[in-house]
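Let's take a friendly walk through a protein fold, one piece at a time. Keep the picture open while you read.

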Amino acid sequence: MADKDAAWIHLEAVARADGAKAIAGLFEAEPDRLARLTLTNAAGLFLDLSKQPWSAAGQTAALALARAGDIEAHRARLFAGEIVNASEKRPALHMALRAPDGADFKAQGKPISGEVEATRAQMRGFAEGIRAGKVVGATGRRFTAVVHIGIGGSDLGPKLVWEALKPLEPGIELRFAANVDGAEIAAALAGLDPAQTLVIVVSKSFTTEETLVNGNAARAWLAAALGEAGANQHLAAVSANVEGAGKFGVAKDRVFAFWDWVGGRYSLWSAVGLSCAIGLGWDAFAALLAGGAAMDEHFHTAPLEQSAPVLLGLAHLFNRNGLGRPIRAVVPYARRMALLPAFLQQLEMESNGKQVDQTGAPIHRGTASAVFGDAGTTGQHAFFQMLHQGTDVIPVDIVAVAKGDEGPPDHQARLVANAIAQAEALMVGHANPQEPWRNFPGNRPTSFILLPRLTPEALGALIALYEHKVFVEGVLWGIDSFDQWGVELGKTLAKAVFAELEGGTPGQHDASTTALIVKLKG
Ligand code: F6P
C-alpha cells in the first residue's frame with residue numbers, strides 16, 4: 001500500500017515533468033520509442049501508444065505503479081474466480097463465458113465451465129433452429145425479426161456487435177428497445193409482423209423498470225395478434241433471475257440463464273448475446289467469443305510492459321491523474337463501430353466512476369474520465385475543433401480498421417488517411433503566431449488501435465481489451481469496478497415521483513422538484 005502510494009506520487013511528479021515536453025520531440029530523444037510503445041500483435045490488434053505524453057522515464061514510472069499495485073496478483077485473483085467485487089461479494093468471470101469448450105473456470109472454487117457450455121449449447125440449438133426455420137412462431141411461419149429488449153449492459157454490447165457485424169441485407173432483422181420512452185418500443189415494433197417476430201427480454205435482474213415495461217408492451221402487441229398462448233411462443237428471456245423470467249410468462253425452455261458472477265456491462269458474451277447469435281449466425285458469435293478469449297490469453301500471459309490492457313490503462317492514468325485531464329474522446333474510424341463510445345461510457349463510467357475504494361475509504365485522486373465520441377470522419381466535423389484548439393487537452397483513442405470490405409475501394413484509404421492524419425495533427429500541431437486562430441498548439445495525445453479487418457474476432461478482442469483496461473485502472477485506483485451503487489438512488493426516487501404523477505399522495509421534496517411535479521401533473 002505504502003509502495004503503491006509512493007509509486008503514484010512518483011508517477012504524478014514524472015508526468016508533470018513530461019507534460020512540459022513536446023511529444024513529437026521525444027521520438028528524436030528516444031530512438032527506441034516507437035518499438036517500445038508499439039504492440040504489433042495483441043490478440044491480433046495493433047496498438048501504438050507512442051503519441052502519448054510519456055517519456056521513457058514516464059513509462060517506467062507508470063509500469064512501476066502497475067507493479068506496486070500488484071496488477072499480476074489481482075489479475076490472478078480475477079482469473080481464479082476469487083471475490084473481486086467486494087461490495088457484492090462476487091467474482092467477475094466474464095472470461096469464462098468466452099473460453100473454449102473444455103476450460104476449467106471456477107467461481108470461488110465451484111466449477112462453472114460445464115454450466116457455461118450447457119447454456120452455450122442451448123443458445124446454439126435455439127439460434128440455429130430459428131435460422132434454419134425449424135423453430136417457428138405460433139402460426140408455423142419462420143421468424144424474420146428479433147426484438148431485443150434490455151437496457152445498459154443488457155443492450156449496449158449486443159447493439160454494438162449487431163451494428164458492427166450485421167449483413168447489409170440481414171435475413172433476420174434485429175431491433176432494440178432500451179429506453180422507457182414509448183417512442184422506442186413503438187419504433188422497434190413498427191412495421192413488423194407479430195407472426196414472424198421473436199421478442200427476447202434481456203435483464204440480469206429481471207427487475208429493471210424499463211425492460212419490464214417494454215417487455216409487457218411487446219407481449220401485449222404479440223397477444224393482440226396471436227392470443228396469449230400464441231404470444232408465449234414468440235417470447236424468450238435471458239436472465240440471472242430465472243424465477244423472475246418465469247413469472248413474466250416465458251416458457252422454461254425459452255429462459256437462458258446467466259450468473260451473478262457476470263457483471264451486466266460484461267455480459268455480452270453470455271446469453272445476453274443470443275439475439276446476435278440468431279441474427280449473425282452461430283459461427284460469427286463463436287468467433288466473437290474466440291476474439292475475446294484471445295485477448296484474455298494475452299492479458300493473462302503477456303509481461304506488463306507488453307500487455308495491451310495494462311499499457312492502454314496506464315496511458316489513461318498518465319493523462320487523467322498525472323496531467324489532470326478528466327475527459328477522453330473515443331473515435332472509431334468505422335461507421336459500423338459508431339456505438340463504441342456509448343458502450344465504453346457504460347463500461348468505463350459505471351465501472352470506475354466512483355469516489356471510494358474497495359474498503360469504503362475515500363479516493364484522493366480523480367477516477368474514471370468522462371468518455372465521449374462518435375465515428376470518424378463524422379466527428380471531425382463536429383467536436384474536433386475543440387480537440388485541436390480548445391483550452392482543455394482531451395486525449396483521444398483512435399480505433400481504425402486496416403482493410404475495409406464495403407463500398408468503393410478508395411473510401412477505405414480516405415478513411416484511414418483521416419485517422420492517421422488526425423493523430424499526426426493533434427500531436428505536431430502547426431505554429432502560426434501571426435494568425436492565432438490558425439494556430440494549432442499540438443502536443444495532444446492519442447492512442448491508436450488498429451484492427452486488421454472488422455471481423456467478429458477483432459471486435460471481440462477490442463471489447464475484451466477495454467474490459468481488461470478498466471480492470472487494470474480499477475486496481476490501481478483501488479476501486480471495485482464491478483458494482484454500480486450510484487445508479488440506485490435515482491431509480492428509487494423515480495418510482496416515488498411516478499406514483500405522484502399518477503395521482504398518489506404528494507411526498508416530501510425540495511421546492512424545485514415539487515414545482516416540476518405540480519407542472520407535469522397539469
Ligand atoms: O444501470 C444500472 C444497471 O444495473 C446496469 O448495471 C445494468 O447493465 C442495467 O442496469 C440493466 O440491468 P438488468 O440487466 O438487470 O436489467
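Begin at strand β1, which three bridges join to β2 (residues 45-48), the two running antiparallel. Helices (H or I, at least four residues) and strands (E, at least two) are DSSP runs, numbered from the N terminus, and two strands pair if DSSP finds at least two bridges between them. The model is predicted: local features need pLDDT of at least 70, side-chain atom pairs count only at pLDDT 80 or more, while totals for chains, interfaces and linings use all residues. Residues are numbered from 1 along each chain as its sequence is written, and side-chain values use heavy atoms, with hydrogens and water left out.

Now widen the view. Six strands make an open sheet with mixed pairing, in the order β1-β2-β13-β12-β10-β11. At its edges sit β1 (38-42) and β11 (370-372), each pairing on one side only.

Helix α14 (residues 308-322) packs on this sheet and touches β1, β2, β10 (327-333) and β13 (446-453); contact means heavy atoms within 4.5 Å. The direction of α14 makes about 145° with that of β1. Such angles run from 0 to 180 degrees between N-to-C directions, with axes fitted to C-alpha atoms, for helices over the stretch in contact.

Finally, look at a loop. Phe 206, between β7 (197-202) and α10 (209-232), has a positive phi of about 55° although it is not a glycine. Is Phe 206 buried or exposed? Phe 206 counts as buried because its relative accessibility is 5%, and buried means under 20% relative accessible area (1.4 Å probe, protein chains only).

Methods
Buried < 20%, exposed > 50% of the residue type's maximum accessible area, 1.4 Å probe, protein only.
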